[in-house]
Amino acid sequence: MAAVSDPVELGAPWGPALPELPPTRFHRVHGANIRVDPSRTRATRVESFAHGVCFSHEPLAPGQIFLVEIEEKELGWCGHLRLGLTALDPASLAAVPEFSLPDLVNLGHTWVFAITRHHNRVPRDGHPEAEAAAPSRPPALLVEPYLCIEQFRIARDRLVGRSRPGLYSHLLDQLYELNVLPPTARRSRLGVLFCPRPDGTADMHIVINGEDMGPSARGLPVAQPLYAVVDVFASTKSVRLVQLEYGLPSLQTLCRLVIQRSVVHRLAIDGLRLPKGLKDFCKYE
């Protein structure tokens with residue numbers, strides 16, 4: 001058993017572990033321009049740049065990340081994906097607002113963060129200048145395989161977006177050493193979660209490609225159900241949900257980590273005597 005002062009395994013809070021969580025899905029209530037696929041794991045804005053607000057089907061559990069991957073982009077619009085939480089039940093809304101910011105936020109009990117290409121990290125308390133000046137250098141995925149956020153520890157593997165490998169991938173993107181995908185790029189993975197505090201409130205955290213951006217909102221009412229908010233806004237056209245593992249990692253994930261540790265770069269995976277499906281899983285997922 002982990003010591004009280006140490007983060008606990010894979011999304012488990014101090015004390016009892018999280019129960020097994022159902023797969024994340026999008027809510028049937030969403031913006032007028034959104035089309036959700038039959039599995040409710042992919043949301044696409046079919047026209048305009050607005051009316052793209054989506055919600056999680058169920059309230060999130062503490063430490064549970066609602067994680068999406070950007071699948072499609074659309075040129076010609078200014079702005080990107082927006083993420084957050086709301087204590088409003090989507091089914092109780094008379095109409096889904098056109099925008100998450102400011103419309104949904106103005107309804108109250110809603111906290112939304114606008115993702116940008118560069119400036120997403122929240123300055124630490126008392127050190128805004130140092131944090132703003134420090135360059136963002138993600139930790140090596142294979143050296144630090146867990147993301148620790150307050151009292152939660154979550155496997156980093158599926159949190160990190162993976163670009164499609166090209167002819168010079170082994171020279172340019174060093175996927176398994178550093179994450180270099182911009183937050184707003186295709187295949188970037190972005191998520192939102194909340195962490196309870198001793199005073200009965202919670203902090204909202206945004207996670208971008210395996211990095212915690214810090215508490216983007218404080219004082220959330222942890223006693224109320226909190227639904228994820230995903231605004232498929234402007235240049236972001238389509239997103240899909242990524243399912244995470246809580247508890248022990250699967251054999252599939254462990255095999256992938258062993259394979260990734262054994263190769264110099266992604267293109268070397270093609271030379272291994274493995275089924276194509278497993279190779280693709282190691283390179284892309």
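**Close-up views of a predicted model**

**Overview of the chain.** The accessible surface of the protein amounts to about 13900 Å², and 58% of this area belongs to carbon and sulfur atoms. The model shown in these views is predicted. Its secondary structure consists of five helices and 13 strands, and 51% of the 285 residues of the protein count as buried. Among the contacts that link residues at least 6 apart in sequence, 70% join residues at least 24 apart.

**View of the four-stranded open sheet.** This open sheet is built from four strands in the order β3-β12-β5-β6, and their pairing is antiparallel. Strands β3 (53-55) and β6 (110-114) stand at the edges with a single partner strand each, so that one side of each is left without a neighbour in the sheet. On average, and with direction ignored, neighbouring strands of this sheet are turned by 20° against each other.

**View of the hairpin of β1 and β2.** Strand β1 (residues 34-36) runs antiparallel to β2, to which three bridges join it. Val 36 has Ala 43, in β2, as its bridge partner. The hairpin has five residues between the strands, and Arg 40 takes a positive phi near 60° in this hairpin.

**View of Thr 44 and the pairing of β2 with β13.** Thr 44 belongs to strand β2 (residues 42-45), which pairs in the antiparallel sense with strand β13 (residues 236-242) over three bridges. In this pairing Thr 44 stands opposite Ser 238 of β13, and the side chains of Thr 44 and Ser 238 also make a polar contact at 2.9 Å. With a relative accessible area of 17%, Thr 44 is buried. When neighbours within four places in sequence are left aside, the residues in contact with Thr 44 are Asn 33, Ile 34, Arg 35, Lys 237 and Ser 238.

**View of the largest nonpolar core.** This core has 31 residues, and those with the most contacts inside it are Phe 26, Phe 66, Met 204, Ile 206 and Val 230. Two or more residues each come from β4 (66-73), β5 (82-86), β6, β9 (189-196), β10 (201-208), β11 (211-221), β12 and β13, and β10 gives the most, with four residues. Val 230, not counting residues up to four places away in sequence, touches Phe 26, Gly 52, Val 53, Cys 54, Phe 66, Val 68, Leu 81, Arg 82, Leu 83 and Val 239. A second, separate core consists of twelve residues, including Ile 65, Leu 67, Cys 195 and Val 242.

**View of the surroundings of Leu 190.** Leu 190, which lies in strand β9, is buried with a relative accessible area of 0%. Apart from residues up to four places away in sequence, Leu 190 touches Phe 66, Leu 67, Val 68, Ile 70, Leu 81, Leu 83, Ile 115, Pro 183, Val 207 and Ile 208. The C-alpha atom of Leu 190 is separated by 8.6 Å from that of Val 160, a residue 30 residues apart from Leu 190 along the chain.

Methods. Residues are numbered from 1 along each chain as its sequence is written. This is a predicted model: local features need pLDDT of at least 70, side-chain atom pairs count only at pLDDT 80 or more; totals for chains, interfaces and linings use all residues. Side-chain values use heavy atoms; hydrogens and water are left out. Buried means under 20% relative accessible area, exposed over 50%, partly exposed in between (1.4 Å probe, protein chains only). Contact means heavy atoms within 4.5 Å. Accessible areas come from the Shrake-Rupley method with a 1.4 Å probe; for residues, only the protein chains shown count as cover. Two strands pair if DSSP finds at least two bridges between them. Axes are lines fitted to C-alpha atoms, for helices over the stretch in contact, and angles run from 0 to 180 degrees between N-to-C directions. A polar contact is a pair of N or O atoms within 3.5 Å; within protein, one must be able to donate a hydrogen and the other to accept it, and residues adjacent in sequence count only if both atoms are side-chain atoms. A nonpolar core is a set of buried Ala, Val, Leu, Ile, Met, Phe, Trp, Tyr and Cys residues joined through side-chain atoms within 4.5 Å.
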